[in-house]
Amino acid sequence: MTEFSAIVLAAGLSSRMEGGHKLLMPIEGKTIFERSLKSITEADFSEIIVVLGKEAEKIESLIPKGDKVTAVMNSAFEQGMTSSIKTGISEATGDVYVVCLADMPFLTASDYNQLMNRFREGNGKNILVPLYNGQKGNPVFFASDYQKEILEHTDPNGCSELVKRNSEKVDFFETNNLRFTLDIDTQTDLDKFTNAE
């Protein structure tokens with residue numbers, strides 16, 4: 001039985017959002033973070049590791065108490081996304097690391113489960129990237145075989161170079177599901193999505 005560890009990146013600086021921390025912004029009565037985490041907790045992950053950084057206490061207070069969710073602090077969060085991925089996978093015990101973004105409130109539990117089912121099929125690949133109209137989405141899956149390579153990765157802005165380097169092992173999962181690409185970085189994004197719903 002493949003065990004999937006969700007690494008939820010909630011440590012970012014939120015530098016492009018005016019007027020506060022984007023994860024604490026409301027959508028329909030819940031914060032972006034709460035909505036994002038709810039779908040992750042309802043999906044079939046064996047464990048969920050929330051990586052905290054900026055405004056850690058406020059975000060941690062929104063995490064429901066449960067045996068599946070652990071919060072860890074990334075003391076180097078200002079160094080970029082990769083530092084948070086490393087913090088999360090250092091704690092993870094699953095066979096597969098699923099790098100989840102805490103600013104994707106429109107993804108559903110069934111979206112995550114669909115990707116887990118796809119990964120289980122194998123096809124000889126051990127990295128999974130959803131693709132919508134040719135655009136790479138999230139979350140991205142890495143088999144735990146990549147732990148050492150991720151921990152030694154030096155690009156601060158995530159693991160896209162690592163994905164390129166191992167391209168023959170990547171399953172690009174073509175989907176017509178726009179939600180895999182909908183993250184919120186700016187007030188314009190927030191306004192657009194909340195008005196569109």
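## Side-chain pairing and the nonpolar core

The structure holds zero disulfides, a disulfide being a pair of cysteine sulfur atoms within 2.5 Å. This is a predicted model, in which local features need pLDDT of at least 70 and side-chain atom pairs count only at pLDDT 80 or more, while totals for chains, interfaces and linings use all residues. Residues are numbered from 1 along each chain as its sequence is written, and side-chain values use heavy atoms, with hydrogens and water left out.

Cys100 is buried at 0% relative accessibility, and Cys159 is buried with a relative accessible area of 8%.

### Salt bridges

Side chains of opposite charge can pair when their charged atoms come close. With a salt bridge taken as a side-chain nitrogen of Lys or Arg within 4 Å of a carboxyl oxygen of Asp or Glu, a search of the whole structure finds eight, and the table gives some of them.

| Salt bridge | N to O distance |
|---|---|
| Lys38 and Glu42 | 2.7 Å |
| Asp171 and Arg118 | 2.8 Å |
| Glu152 and Lys148 | 2.9 Å |

The side chains of Asp171 and Arg118 meet in a salt bridge. This pair links distant parts of the chain, with Asp171 in strand β10 (residues 170–175) and Arg118 in helix α4 (residues 109–121), 53 residues apart; helices (H or I, at least four residues) and strands (E, at least two) are DSSP runs, numbered from the N terminus. Asp171 is buried at 8% relative accessibility, whereas Arg118 is partly exposed at 24%.

Lys38 and Glu42, by contrast, are four residues apart in helix α1 (residues 32–42), and are therefore separated by about one helical turn. Lys38 is partly exposed at 46% relative accessibility, and Glu42 is likewise partly exposed at 46%. In the pair of Glu152 and Lys148, both residues are exposed.

### Core and aromatic pairs

A nonpolar core is a set of buried Ala, Val, Leu, Ile, Met, Phe, Trp, Tyr and Cys residues joined through side-chain atoms within 4.5 Å. The largest such core has 62 residues, of which Phe45, Val50 and Phe142 touch the most other members. Leaving aside neighbours within four places in sequence, Phe45 is in contact (heavy atoms within 4.5 Å) with residues including Phe4, Ile40, Val98, Cys100, Tyr112 and Met116.

The structure also holds five aromatic pairs. Rings of Phe, Tyr and Trp (its six-membered ring) pair if their centres lie within 6.5 Å, and planes under 30 degrees apart count as stacked, over 60 as edge-to-face and the rest as tilted. The rings of Phe4 and Phe119 have their centres 6.0 Å apart and their planes at 85°, so this pair is edge-to-face. The pair links distant parts of the chain, since Phe4 lies in strand β1 (residues 4–10) and Phe119 in helix α4, 115 residues apart. Phe4 is buried with a relative accessible area of 1%, and Phe119 is buried at 11%.

Phe4 also forms an edge-to-face pair with Phe141, at 5.9 Å centre to centre and 75° between the planes. Because Phe4 lies in strand β1 and Phe141 in strand β9 (residues 140–143), this pair ties together parts that are 137 residues apart in sequence. Phe141 is buried, with a relative accessible area of 0%. Phe4, Phe119 and Phe141 form one aromatic cluster.

How values were computed: Buried means under 20% relative accessible area, exposed over 50%, partly exposed in between (1.4 Å probe, protein chains only).
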